[in-house]
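My entries follow in the order I made them.

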Amino acid sequence: MKNLERITHWEDISLKVKTTTMKRTFAIVIFTLQLFTCMDGLSQNPNLSSLRGTITDENKNVLQGASVIIVGTEKGVNANETGEYFFDRLPEGKITVQTSIIGFKTQITGITLQPGQNELNFILVEDIIHLNLVTVTARKREQQIFDVPAAISVVGSDFIEKANITALGQLSSYIPGLFITEQGANRPSFVIRGLTSEEVSPSAQPRVSVYLNNVPVNRASGASIALFDMDRVEVLKGPQNTLFGRGAQIGTIHFISRNPSNSTNGYVTSGLGDFNQREFRGALNIPLINDKLSVRAAGVHDFSDGFVQNTFGGTLNGKNTTAGRLSLRYLPVWNHRLDLVLNYQRDDTPGIGFMSKQFPNTAGDKDIFTYRASLEQGDNLKTGKDLFDATVNYKYIINEHTYWSSITSFRKLTSSARWDGDGTAAPAIDMWEHAGADQFYQEIRNNFSVKSRLNGSAGTSYWHEKANQTYWLSTNEQSMVNLFLDPSYLILPDGQPLLMPALPDNPALGSLAGMPLPDSHQENNQSKATNQAAEAFADLTYQLTSKFFISGGLRAAFESFELANQAAFTGGDPSTLGMLTGNYPNVFFKPGDEKSMNDNSFSVNWQVGLQYKINENSNVFANYSNGRRPRVLQYTSTGTPEILSAERVDNIDAGIKTSLMRKVLIDVVGFYQKYNNFQTRAWITDPATGEFNYKSIDGGRATSYGTEIALNASLLKGFHLFGNYAYLHSTFDNADNNGLTQEYAGNTSRLSPRHSYTLGFNASVDSGSKIRFFLTPTYAYKTHFYFEDANTEGLDQPSYGLLNINLGMELVNPGIILSFYGVNLLDERFITSAGNTGSLFGVPTFVPGPPRMIGTKLTWKF
């Protein structure tokens with residue numbers, strides 16, 4: 001409490017100072033932006049020349065991100081999203097211009113510049129055998145992934161289709177250093193380099209920032225995004241606070257949907273598969289006013305019964321997702337663009353199959369891979385969510401590389417989950433969670449290019465969120481009492497629960513001996529938070545010479561968090577066991593009046609990097625960056641307030657990106673990271689204080705280092721090889737900052753396999769001019785990892801590998817595709833979760849991964 005009082009006192013005496021500081025910071029940023037924007041005009045010499053043009057392929061498709069340099073100078077830019085480039089303040093006379101992009105032949109052209117404006121357009125010829133073109137906007141401007149001096153991976157729409165990627169877990173296999181697990185529709189865990197994104201308090205902020213169309217998604221339940229009609233998914237590893245805000249402490253995952261275009265096109269897909277799977281997805285793009293107004297509508301419905309049968313009725317671990325997206329693009333004049341994107345997603349899925357290995361189901365089986373559970377709530381076990389967001393993106397274009405943009409977004413999320421905490425037929429732990437969040441986000445950014453050597457962006461943003469979370473417990477204490485006295489009596493050998501009508505006549509229980517136990521008791525714990533942040537940021541890249549580049553970024557953030565909490569007895573009879581825990585009339589959550597606390601903080605994060613271009617096909621880079629997760633506000637189950645210190649990470653990474661003969665792309669990155677005040681999570685059971693909690697705790701110091709390698713090769717026409725490998729050593733240090741031995745000393749970070757790799761290929765063969773056959777097999781392998789930072793034996797996953805395949809045929813005209821897919825073809829047995837609520841009483845539960853699944857799809861593209 002003394003720590004809390006000190007923080008509250010600091011808030012009182014410094015809030016006005018911090019607010020004034022932020023206002024001044026914003027004013028400086030705005031002035032700087034205006035200076036950059038006006039700089040060209042102020043220094044314009046009428047005797048100098050400018051050069052602009054468009055880069056397209058032979059079919060007039062724009063090639064955004066193409067590299068354009070003036071040979072022999074330090075001037076270079078990348079083509080913007082419409083394939084345009086621009087140089088100004090050039091001396092008149094003859095120059096040589098080179099443009100290049102992966103998959104196309106490099107073109108070098110001379111031009112004699114005249115005073116004033118000059119134009120030079122490029123039409124690039126595609127290589128017969130070539131790598132697929134990959135353009136990214138990770139640094140807030142269009143670039144080839146090859147040119148970005150950072151640890152970045154991208155999965156494009158073409159690859160998503162060829163590999164039949166429909167789930168986040170599948171997606172992560174193709175990105176070294178990323179691991180995603182999902183529990184139903186609401187609990188994805190994003191893990192980058194050993195650090196997970198989960199939050200256990202509505203005021204806690206993620207470590208891995210998830211973005212959808214340039215807007216942050218702060219709640220984990222809202223980050224379980226349906227993968228439909230995506231243009232690409234970009235993943236940046238290492239702290240990205242300067243580019244993507246406070247939540248990007250250890251990385252960013254950015255989902256970018258397809259934009260409307262000025263042509264009529266679309267597709268329709270229908271699919272069937274095992275476990276009664278039914279899938280429908282499609283999109284339609286229509287230009288309503290040619291070159292002015294376009295609209296794109298897309299949607300998906302993906303349903304399957306659960307692959308776990310519940311002997312009490314229904315299935316578990318299934319899917320039922322319906323989602324839609326409406327996108328409009330309006331171009332009133334050439335230098336104004338307005339984008340509107342509306343998203344809606346509804347999940348109404350079967351519950352999660354938390355199963356016990358210690359106790360049998362009602363059929364007498366303890367093997368969870370019989371995929372039969374005995375969870376007494378039957379069809380009442382469900383997970384679901386409703387998500388709506390609206391985003392308006394306005395861009396005012398000054399020239400091809402200088403523009404202002406404004407992003408305004410509103411997001412509303414509600415989610416719920418009901419699960420069996422003991423994983424058996426016993427009515428001991430029936431849990432339900434309801435969570436919601438309303439989020440508003442505003443960003444103003446200026447992208448600029450000064451003398452075609454200084455490129456970057458700067459701006460301000462404001463984020464506001466009202467979040468709530470309710471945990472509800474229902475129990476039959478005649479069953480729960482076994483968890484307190486002797487958990488081995490919870491379930492009989494036939495899988496049926498053992499009930500005890502009253503506490504035993506044990507003198508150790510004192511006056512409670514023989515007291516009746518209620519068969520129905522309900523209680524809840526409610527938390528609500530108001531979170532907000534105002535930020536100012538800048539990210540710059542300066543070309544020192546024709547080969548050397550230096551980059552840097554800075555972000556200042558003022559954050560404010562307020563958390564309120566209250567627990568209540570809500571139904572049934574008062575808890576007898578609560579007299580043992582000290583939480584009477586409840587057993588877990590101690591009732592009391594609503595309590596609240598708040599915290600304000602000001603922070604600055606920065607990064608700096610160097611890049612050296614060996615040639616147009618190879619470059620090396622090195623970066624330093626730091627990241628920060630704000631202080632975590634939380635209440636224990638007894639209502640005690642706690643504030644954890646801000647978590648910090650220092651990151652150094654270096655790498656090389658090289659292309660061999662423009663047919664093999666190799667990307668190698670090494671990294672080293674140090675953590676302070678590492679915020680781990682733990683299941684806490686303390687009968688002496690009555691605390692039964694799943695919460696964040698300070699794990700002290702930790703270290704992570706490793707290597708990430710990606711390979712893409714197109715050596716033959718119609719054959720593309722891909723693969724990746726990641727080595728990760730992520731452990732808790734032996735001693736904390738005070739030299740004391742840490743509780744988790746030497747332990748490995750959860751969900752952090754030491755080695756992981758993926759191998760696969762895309763092969764296609766044309767049979768005549770109208771039919772094409774294709775095949776895409778992939779194999780993803782992970783070594784042993786733990787599910788908790790405590791590294792409890794038995795709560796781990798041994799090494800395993802998954803083989804997936806997608807194959808079929810395509811009729812080029814009229815664009816009909818018939819495909820067949822298989823997931824986990826080797827029928828590997830693995831688990832996706834271990835421990836969970838049952839860990840509070842030493843009866844952990846486990847969630848089996850999906851068995852082999854086979855299906856087929858029919859697609860029409862038009």
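**Whole chain**

I began with burial: 57% of the 862 residues in the protein chain are buried. Buried means under 20% relative accessible area, exposed means over 50%, and partly exposed is in between, with a 1.4 Å probe and protein chains only. I note that this is a predicted model, where local features need pLDDT of at least 70, side-chain atom pairs count only at pLDDT 80 or more, and totals for chains, interfaces and linings use all residues. Residues are numbered from 1 along each chain as its sequence is written, and side-chain values use heavy atoms, with hydrogens and water left out.

I checked the overall dimensions next. The C-alpha trace spans about 100 × 70 × 50 Å along its principal axes. The radius of gyration is 29 Å, which agrees with the value near 29 Å for a compact globule of 862 residues. That radius is taken over C-alpha atoms, and the globule rule is 2.2 Å times the number of residues to the power 0.38.

I looked up the secondary structure: six helices and 52 strands. These are DSSP runs numbered from the N terminus, helices (H or I) of at least four residues and strands (E) of at least two.

The accessible surface comes to about 33200 Å², and 58% of it belongs to carbon and sulfur atoms. Areas come from the Shrake-Rupley method with a 1.4 Å probe; for residues, only the protein chains shown count as cover.

I then asked how far apart in sequence the contacts reach. Among contacts between residues at least 6 apart in sequence, 68% join residues at least 24 apart. Contact here means heavy atoms within 4.5 Å.

**Contacts across the sequence**

I picked Ser 203, in the loop between strand E14 (195-196) and strand E15 (208-212). Ser 203 is buried, at 1% relative accessible area. Beyond its neighbours within four places in sequence, Ser 203 contacts Ala 529, Asn 531, Phe 561, Leu 563 and Leu 633. Its C-alpha is 9.7 Å from that of Asn 598, 395 residues apart along the chain.

Not counting residues up to four places away, Phe 369 touches Arg 829, Phe 830, Ile 831 and Pro 848. Phe 369 and Ile 831 are 462 residues apart in sequence, yet 9.4 Å apart from C-alpha to C-alpha.

I took His 729 from strand E43 (residues 719-732). His 729 is buried, with a relative accessible area of 18%. Leaving aside neighbours within four places, His 729 contacts Thr 703, Ser 704, Tyr 705 and Arg 754.

**Second largest pocket**

I read off a volume of about 800 Å³ for this pocket. A pocket is an open set of points on a 1 Å grid over the protein atoms alone, where a 1.4 Å probe fits and protein lies on both sides within 12 Å along at least five of seven lines. Grid points are joined across faces, edges and corners, and the volume is the space filled by probe spheres set on them.

Which residues lie nearest its centre? They are Ser 67, Ile 69, Gly 76, Phe 549 and Lys 613, out of 46 lining residues. A lining residue has an atom within 4 Å of a point. Elements giving two or more residues include strand E2 (67-70), strand E30 (430-450) and strand E34 (595-615). E2 gives the most, with four residues.

The lining divides into twelve nonpolar, 24 polar and ten charged residues. Ala, Val, Leu, Ile, Met, Phe, Trp, Tyr, Cys and Pro count as nonpolar, Asp, Glu, Lys and Arg as charged, and the others, Gly among them, as polar.

**Helix H5**

Helix H5 (residues 477-485) is mostly covered, with seven of its nine residues buried. Among them are Met 480, Val 481 and Leu 483. The cover includes E31 and E32.

**Backbone exceptions**

Most residues other than glycine have a negative phi, and most peptide bonds are trans.

- Asn 317 has phi near 65 degrees and is buried at 16%.
- Lys 451, in the loop between E30 and E31, has phi near 55 degrees and is partly exposed at 43%.
- The Tyr 584 to Pro 585 bond is cis, with omega near 5 degrees; Pro 585 lies in the loop between helix H6 (578-581) and E34.
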